[in-house]
Amino acid sequence: MTENARRGFLAAGATFAGAIAVAPGLHLIAPALARGAGEPASNANRWGLLIDTNKCSASCDACVKACATENGITEQVADPRQRSQWIRKIDIKEKNGRQHSLPMMCQHCSDPPCVDVCPTGASMKRADGIVLVDRHVCIGCRYCMMACPYKARSFVHEPLTEQNPQVPRGIGCVEACTLCVHRVDKGQLPACVEACTEGAMLFGNLADPNSEISRRIAHEATTQVRADLKLNTGVRYQGI
Amino acid sequence: MLRILSTLATIALALPLLQAAHAGEVPKPSAAIESPGTQCVAPPAEIRRNHMEMLKHQRDLTLREGIRGTKVSLNGCIACHASKKTGSVIGNNDNFCQGCHAYAAVKLDCWDCHQPKAGYQATGATP
């Protein structure tokens, strides 16, 4: 292969790669997914995650750090029990001694208990399956925190000033993982997925049988945490 | 007739007092438009009267239905109206939102959760 031919080959490869990674830090899931202005979220999508715990190392917390940076969770809280925790790493040990480490966050249930118990309608599920807190009507009663089997929600105890403009959050309201809804709406990946260097997290559309996440769930052994509750979670795990 | 005259006299006596009261009024808010020459999303009279309804309507559409990129947006307000000195719409009565709300004595809840500084980027993280 001459130098020029090799260059041409590399350039063609770069163009192909460009369809997936447009620029460092900006990954398109697929060009069609960024919605136009004025267009609502549609139930043709159901956003979900598939987490491969075999690739998740106990010593790594890149997803947790990326989440905190993206969502402006920068406040110092005197009591560590009151710290907001949208995503956390947990280590589990099976009876046979096998150990796993995995990220745990809002599982974006299809039948979310937090929405069932909310007295004001603040806990809500969007058409595309993302479970959110409407802080405009949240009264901070914390019933949803008690109802959530995954301990996915946090309550903000102190006034905040360092919010990211795209991620409003504040005192007196309950909050949780939004699946980076502000990024997903632009056609980007959630911050944790983008930060995972091991490729342990896959984001995709569970409603589309041809998406990679759906194909893997159909053909590989995956599980829902507390599947016995029949919540039909949007976050699935592999390897536990 | 006598009663009407006495009422008139009372009014005449009270006039200077009323004028004095007027002089002691709270001054009108002086917040300057920070990006003059640009066009707001609606005429000022409509914005003054209806901005809260516009934002309230929009917030429900955006959060609950996921509609983005529309005419009305709180971050859009800040982009033009944040103070050039402090970069914020609140903080003191010279700043756009706080100035008017202090004058009208209406509590401002938006900024408990929303970022009041234009172009703000949160830095650092404490997971």
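**View 1. Helix α4 of chain B and its buried residues.** In this predicted model, helix α4 (residues 96–104) of chain B buries Phe96(B), Cys97(B), Gln98(B) and Gly99(B). Buried here means 20 or more other C-beta atoms within 10 Å of the residue's own, exposed means 12 or fewer, and partly exposed lies in between; C-beta atoms are placed from the backbone. Helices (H or I, at least four residues) and strands (E, at least two) are DSSP runs, numbered from the N terminus. The cover over the buried residues of α4(B) includes α3 (74–81) of chain B. After α4(B) comes Ala105(B), with a positive phi near 55 degrees.

Residues are numbered from 1 along each chain as its sequence is written, chains are lettered from A and ligands numbered from 1 in the order in which they are written. Local features need pLDDT of at least 70, side-chain atom pairs count only at pLDDT 80 or more, and totals for chains, interfaces and linings use all residues of this predicted model.

**View 2. Chain B as a whole.** Five helices and zero strands make up the secondary structure elements of chain B. Along the sequence the pattern is α-α-α-α-α. Of the 127 residues in chain B, 19% are buried. Contacts (C-beta atoms, placed from the backbone, within 7 Å) in chain B between residues at least 6 apart in sequence join residues at least 24 apart in 51% of cases.

**View 3. Where chain A meets chain B.** Chain A brings 31 residues to the contact, and chain B brings 20 residues. On the side of chain A that touches chain B, the largest share, four residues, belongs to helix α2 (residues 62–70) of chain A. That side of chain A holds 12 nonpolar, nine polar and 10 charged residues. Ala, Val, Leu, Ile, Met, Phe, Trp, Tyr, Cys and Pro count as nonpolar, Asp, Glu, Lys and Arg as charged, and the others, Gly among them, as polar.

**View 4. A three-stranded sheet in chain A.** The open, mixed sheet runs in the order β10-β3-β11 (chain A). Strands pair if DSSP finds at least two bridges between them. β10 (201–205) and β11 (235–238) of chain A are at the edges with a single partner strand each, so one side of each has no neighbour in the sheet. From one strand to the next, the twist averages 20 degrees. Strand β3 (residues 47–52) of chain A is antiparallel to β10(A), and five bridges join them. Gly48(A) has Gly204(A) as its bridge partner in β10(A). Helix α7 (residues 212–219) of chain A packs on the sheet and touches β3, β10 and β11 of chain A. The direction of α7 makes about 110 degrees with that of β10(A). Axes are lines fitted to C-alpha atoms, for helices over the stretch in contact, and angles run from 0 to 180 degrees between N-to-C directions.

**View 5. Ala122(A) in its loop.** Ala122(A) sits between α3 (113–117) and β6 (123–125) of chain A. Ala122(A) is buried, because 21 other C-beta atoms lie within 10 Å. Leaving out residues up to four places away in sequence, Ala122(A) touches Val133(A), Asp134(A), Val137(A) and Cys138(A). Cys173(A) is 51 residues from Ala122(A) in sequence, and 9.8 Å away in space, C-alpha to C-alpha.

**View 6. Two nonpolar cores.** A nonpolar core is a set of buried Ala, Val, Leu, Ile, Met, Phe, Trp, Tyr and Cys residues joined through C-beta atoms within 7 Å. The largest has 54 residues; Ile51(A), Cys63(A), Cys67(A), Ile87(A), Cys177(A), Cys192(A) and Met201(A) touch the most other members. α2(A) gives the most to this core, five residues. Another core, of 11 residues, lies apart from it and includes Ala82(B), Phe96(B), Cys97(B) and Ala118(B).

Notes
Two residues are in contact if their C-beta atoms, placed from the backbone, lie within 7 Å.
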